[in-house]
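Please open the coordinates in a viewer and keep the selection panel at hand.

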2 protein chains.
Amino acid sequence: MDNKEKQNKEQQILAAAEQEFLTKGFDGARTTTIAKAAGVTHAMLHYYFRTKEQLFERIVDEKFKKMSQSMFAIIGDPKLPIVERIKGSITAHFDFIADNPLLPRFIINEIVSRPERYEVLHKRVGLILETIYHDLQLEIDLAAERDEVERVDIKMLFISILSLNIFTFIAYPFMEPLIGELTADREKFLAARKAENIETILRRIKKL
Amino acid sequence: MDNKEKQNKEQQILAAAEQEFLTKGFDGARTTTIAKAAGVTHAMLHYYFRTKEQLFERIVDEKFKKMSQSMFAIIGDPKLPIVERIKGSITAHFDFIADNPLLPRFIINEIVSRPERYEVLHKRVGLILETIYHDLQLEIDLAAERDEVERVDIKMLFISILSLNIFTFIAYPFMEPLIGELTADREKFLAARKAENIETILRRIKKL
DNA sequence: AAGATGTTTAACAATATTGTTAATGCAAAG
DNA sequence: CTTTGCATTAACAATATTGTTAAACATCTT
């Protein structure tokens with residue numbers, strides 16, 4: 001068997017594992033189910049990844065990196081005027097989550113059930129974010145002095161953006177039946193939600 | 001053993017089960033762990049609740065009812081003027097979730113992993129909500145005609161309120177390290193978040 | 001006190017799930 | 001062609017977890 005096919009097997013296991021872990025979490029996932037979905041015997045899974053834990057680690061690593069990416073999408077383009085910049089940030093972040101809709105719930109569940117692992121990462125990300133906060137806060141304060149926007153706490157704004165964008169996807173299966181026609185066309189609903197989130201945040205910083 | 005103590009045992013199992021299921025979910029929960037936490041042999045757990053499933057059902061039932069309650073907290077007091085009414089709604093809803101911080105994540109995970117069960121409930125709640133939407137939308141439209149507020153879609157507003165309030169608690173363990181000092185004093189942080197959510201929503205409907 | 005009823009315990013059973021191993025296959029390198 | 005090394009399989013092992021049962025125990029009724 002040539003190298004391409006071998007890589008395929010490993011890749012197929014990873015793909016199946018990602019699906020299984022993202023939807024069911026570590027506890028709900030079954031290595032046999034992953035193996036079956038990948039089209040290999042479950043011994044192969046152990047051959048390539050040794051244990052369920054290690055296979056899970058691989059997925060978690062990848063997803064935590066993706067998560068970091070998504071956070072930094074909120075920084076936006078520093079060359080734009082602050083309102084445009086924030087608008088672009090929300091859009092970029094929303095679109096990112098739309099492409100990875102299972103990510104937030106997975107990350108949160110993972111952090112709740114194993115906070116230790118998270119400690120490693122958050123220090124790194126936390127420090128970078130502190131710098132970004134500082135810069136953005138400065139820019140907002142300047143714009144506020146020019147009466148372009150309201151003086152707001154950037155961290156609070158940051159949380160609000162995360163809330164509005166992420167909740168849409170975390171709670172989609174919960175809202176679907178409650179909201180009815182509104183969610184019938186997923187694409188349409190998401191577009192409306194994105195616009196609503198932008199409007200909500202922009203109004204939050206609008207000078208009255 | 002008298003009846004009071006018997007009820008205690010059953011009650012203790014339920015309490016331990018609630019804690020275990022809310023934090024770890026069905027898959028992560030162990031009946032032996034529940035039994036140990038409740039201070040009984042694990043055979044007792046089966047004696048009272050037959051299976052893990054049935055014990056879980058008990059908790060789910062209770063929590064789904066709580067969830068419904070929390071949704072209706074958003075209706076608010078119809079006698080108040082619309083802005084005051086919405087302000088009160090957000091407060092009531094936020095406080096409710098603050099008292100049941102594990103509830104949203106539990107419900108969402110449950111719905112994702114077993115959508116069937118949810119179908120039964122959502123029809124009932126969905127219909128009631130339709131009526132409420134209709135009434136509230138009417139009231140907002142009237143207020144909009146009097147130029148008191150912006151004309152907004154009540155369902156979108158509803159989702160935004162849920163997003164802002166619930167995300168605070170779902171993602172608290174995720175934000176804690178990223179936000180730093182801000183979350184150091186949980187009570188203070190929550191109070192600030194509640195105020196921020198109210199401000200954000202009120203600005204969303206404010207006539208400009 | 002005897003019997004009936006429900007409670008409790010410890011030991012056991014059944015099963016699902018993860019992980020291992022030894023034998024086999026297969027492809028490339030010498 | 002044989003050796004070497006990795007890939008693959010099937011069968012097995014180990015363990016954790018849920019669930020059962022029969023016997024002991026307690027409590028209440030008559």
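Helices, as named on this tour, are DSSP runs of type H or I with at least four residues, numbered from the N terminus. The model is predicted.

**Chain A as a whole**

Begin by selecting chain A and colouring it by secondary structure. The selection shows 11 helices and 0 strands. Followed along the sequence, the pattern reads α-α-α-α-α-α-α-α-α-α-α. Along the principal axes, the C-alpha atoms of chain A fill a box of roughly 65 × 45 × 35 Å.

**The two domains of chain A**

Next, colour residues 1-50 of chain A as domain 1 and residues 53-205 as domain 2. The centres of these two domains of chain A, taken over C-alpha atoms, are separated by 30 Å.

Now display the boundary between the two domains. Here 13 residues of domain 1 of chain A are in contact with 12 residues of domain 2 of chain A. About 1200 Å² is buried between domain 1 and domain 2 of chain A, and 72% of that area lies on carbon and sulfur atoms.

How many salt bridges are counted between domain 1 of chain A and domain 2 of chain A? The count is 1 salt bridge. To inspect a salt bridge in chain A, show the side chains of Glu18(A) and Lys63(A), which meet at 3.1 Å, N to O. Polar contacts across the boundary of domain 1 and domain 2 of chain A amount to 2 residue pairs, with both residues at pLDDT 80 or more.

On the side of domain 1 of chain A that touches domain 2 of chain A, the elements giving two or more residues are helix H1 (3-28) and helix H3 (42-49) of chain A. H1(A) gives the most to that side, with 9 residues.

**The interface of chains A and B**

Bring chain B into view beside chain A.

Select the residues through which the chains touch: 50 come from chain B and 50 from chain A. Of the interface residues of chain B, 100% are also interface residues in chain A, so the copies meet through the same surface. Chain B and chain A bury about 4800 Å² between them, with carbon and sulfur atoms giving 68% of this area.

Which polar features cross the interface of chain B and chain A? There are 18 residue pairs in polar contact, both residues of each being at pLDDT 80 or more. The interface of chain B and chain A also holds 4 salt bridges. For a salt bridge between the chains, display Glu196(A) and Arg204(B), whose closest N and O atoms are 2.8 Å apart.

Then highlight the helices on the side of chain B that touches chain A. Those that each supply at least two residues include helix H1 (3-28), helix H4 (52-72), helix H7 (115-145) and helix H11 (186-205) of chain B. Which helix of chain B provides the largest share of this side? H8(B) does, with 10 residues. By class, the side of chain B that touches chain A divides into 28 nonpolar, 8 polar and 14 charged residues.

For the last stop, centre the view on Asp147(A), in the loop between helix H7 (115-145) and helix H8 (154-170) of chain A. Asp147(A) is not a glycine, yet its phi is positive, at about 60°. Most residues other than glycine have a negative phi.

Finally, move to Asp147(B), placed in the loop between H7 and H8 of chain B. Asp147(B) likewise has a positive phi, near 60°.

Methods: Residues are numbered from 1 along each chain as its sequence is written. Chains are lettered from A and ligands numbered from 1 in the order in which they are written. This is a predicted model: local features need pLDDT of at least 70, side-chain atom pairs count only at pLDDT 80 or more; totals for chains, interfaces and linings use all residues. Side-chain values use heavy atoms; hydrogens and water are left out. Contact means heavy atoms within 4.5 Å. Domain bounds come from an automatic or database domain assignment. Buried area is the accessible area (1.4 Å probe) that two parts lose on being put together, summed over both. A polar contact is a pair of N or O atoms within 3.5 Å; within protein, one must be able to donate a hydrogen and the other to accept it, and residues adjacent in sequence count only if both atoms are side-chain atoms. Ala, Val, Leu, Ile, Met, Phe, Trp, Tyr, Cys and Pro count as nonpolar, Asp, Glu, Lys and Arg as charged, and the others, Gly among them, as polar.
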